[in-house]
Amino acid sequence: MNVTIKSPESKDGGPVLTRGTKVTLQDGSEITGITGMTVTYALDDIVRASIDLIVTPETIKANAILSLKSVEFAAKYYGYKLVEL
């Protein structure tokens, strides 16, 4: 997924506050509810952005991808036994 992060322009060439920063998706729609963001520029790597959002339980649409080892650990921790189907 490609996003565009546009910060406000500096009036005097100095630092700017982040208020007014816009994050948009490829289709031009804006991501709203952002409470924080970290952009990482690592040498010889891609630019990465971690974006913190305000969500309610009704808006969370995600599928956790768990390894078998983590599922086995969770089952054991909660006193369950996994069985093959």
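This is a predicted model: local features need pLDDT of at least 70, side-chain atom pairs count only at pLDDT 80 or more; totals for chains, interfaces and linings use all residues.
A strand is a DSSP run of type E with at least two residues, and strands are numbered from the N terminus.

**View A. A nonpolar patch on the surface brings together Val3, Ile5, Val39, Tyr41 and Val47.**
The five residues named in the title have about 450 Å² of accessible area together. Two elements give two or more residues to this patch, namely strand E1, which covers residues 3–6, and strand E3, which covers residues 34–41. How exposed is Val39? With a relative accessible area of 35%, Val39 counts as partly exposed, and because residues need over 30% relative accessible area to join a patch, this value of 35% is enough for Val39 on that point.

**View B. The largest pocket has a volume of about 270 Å³.**
A total of 15 residues line this pocket, and those that lie nearest its centre are Thr18, Thr21, Ile34, Gly36 and Met37. Which strands each supply at least two residues of the lining? They are strand E2, made of residues 22–25, and strand E3. Strand E3 gives the largest share of the lining, with four residues. Sorted by class, the lining of the largest pocket contains seven polar residues, five nonpolar residues and three charged residues.

**View C. Glu9 and Lys6 are joined through their side chains in a salt bridge.**
This pair is one of the three salt bridges that the structure holds. The distance from N to O between Lys6 and Glu9 is 2.7 Å. For Glu9, the relative accessibility is 60%, so this residue counts as exposed, whereas Lys6, at 45% relative accessibility, counts as partly exposed. The two categories part at a cut-off, because a residue is called exposed only over 50% relative accessible area.

**View D. Two further salt bridges join Glu30 with Lys22 and Arg48 with Asp45.**
In the pair of Glu30 and Lys22, the side chains meet at 3.8 Å, taken from N to O. Glu30 is partly exposed, with a relative accessible area of 42%, and Lys22 is likewise partly exposed, with a relative accessible area of 42%. In the pair of Arg48 and Asp45, the distance from N to O is 3.3 Å. Here Arg48 counts as partly exposed at 46% relative accessibility, and Asp45 is partly exposed with a relative accessible area of 40%.

**View E. Asp44 takes a positive phi although it is not a glycine.**
The phi of Asp44 is near 55 degrees. Where does Asp44 sit? Asp44 is in the loop between strand E3 and strand E4, and strand E4 covers residues 47–53. With a relative accessible area of 88%, Asp44 is exposed. Within strand E4 itself, one can find Asp52, which is partly exposed, with a relative accessible area of 45%. The C-alpha atoms of Asp52 and Thr38 are separated by 8.7 Å, while these two residues are 14 residues apart along the chain.

**View F. Glu58 and Leu66 both belong to the loop between strand E4 and helix H1.**
Glu58 is exposed, with a relative accessible area of 64%, and Leu66 counts as exposed at 59% relative accessibility. How many Å separate the C-alpha atoms of Glu58 and Lys69? The separation is 29 Å for this pair, whose members are 11 residues apart along the chain. For Leu66 and Leu17, which are 49 residues apart along the chain, the C-alpha atoms are separated by 39 Å.

**View G. Helix H1, made of residues 68–77, is hardly covered.**
How many of the 10 residues of helix H1 are buried? The count of buried residues in this helix is one, where the word buried is kept for residues under 20% relative accessible area. Just after helix H1 comes Gly79, which takes a positive phi of about 80 degrees.

Conventions
Residues are numbered from 1 along each chain as its sequence is written. Side-chain values use heavy atoms; hydrogens and water are left out. Buried means under 20% relative accessible area, exposed over 50%, partly exposed in between (1.4 Å probe, protein chains only). Patches are made of residues with over 30% relative accessible area and no salt bridge: like charges are joined within 9 Å, nonpolar side chains (Val, Leu, Ile, Met, Phe, Trp, Tyr) within 5 Å. Accessible areas come from the Shrake-Rupley method with a 1.4 Å probe; for residues, only the protein chains shown count as cover. A salt bridge is a side-chain nitrogen of Lys or Arg within 4 Å of a carboxyl oxygen of Asp or Glu. On a 1 Å grid over the protein atoms alone, a cavity is a set of points where a 1.4 Å probe fits but cannot get out, and a pocket is an open set with protein on both sides within 12 Å along at least five of seven lines; lining residues have an atom within 4 Å of a point. Grid points are joined across faces, edges and corners, and a volume is the space filled by probe spheres set on the points. Ala, Val, Leu, Ile, Met, Phe, Trp, Tyr, Cys and Pro count as nonpolar, Asp, Glu, Lys and Arg as charged, and the others, Gly among them, as polar.
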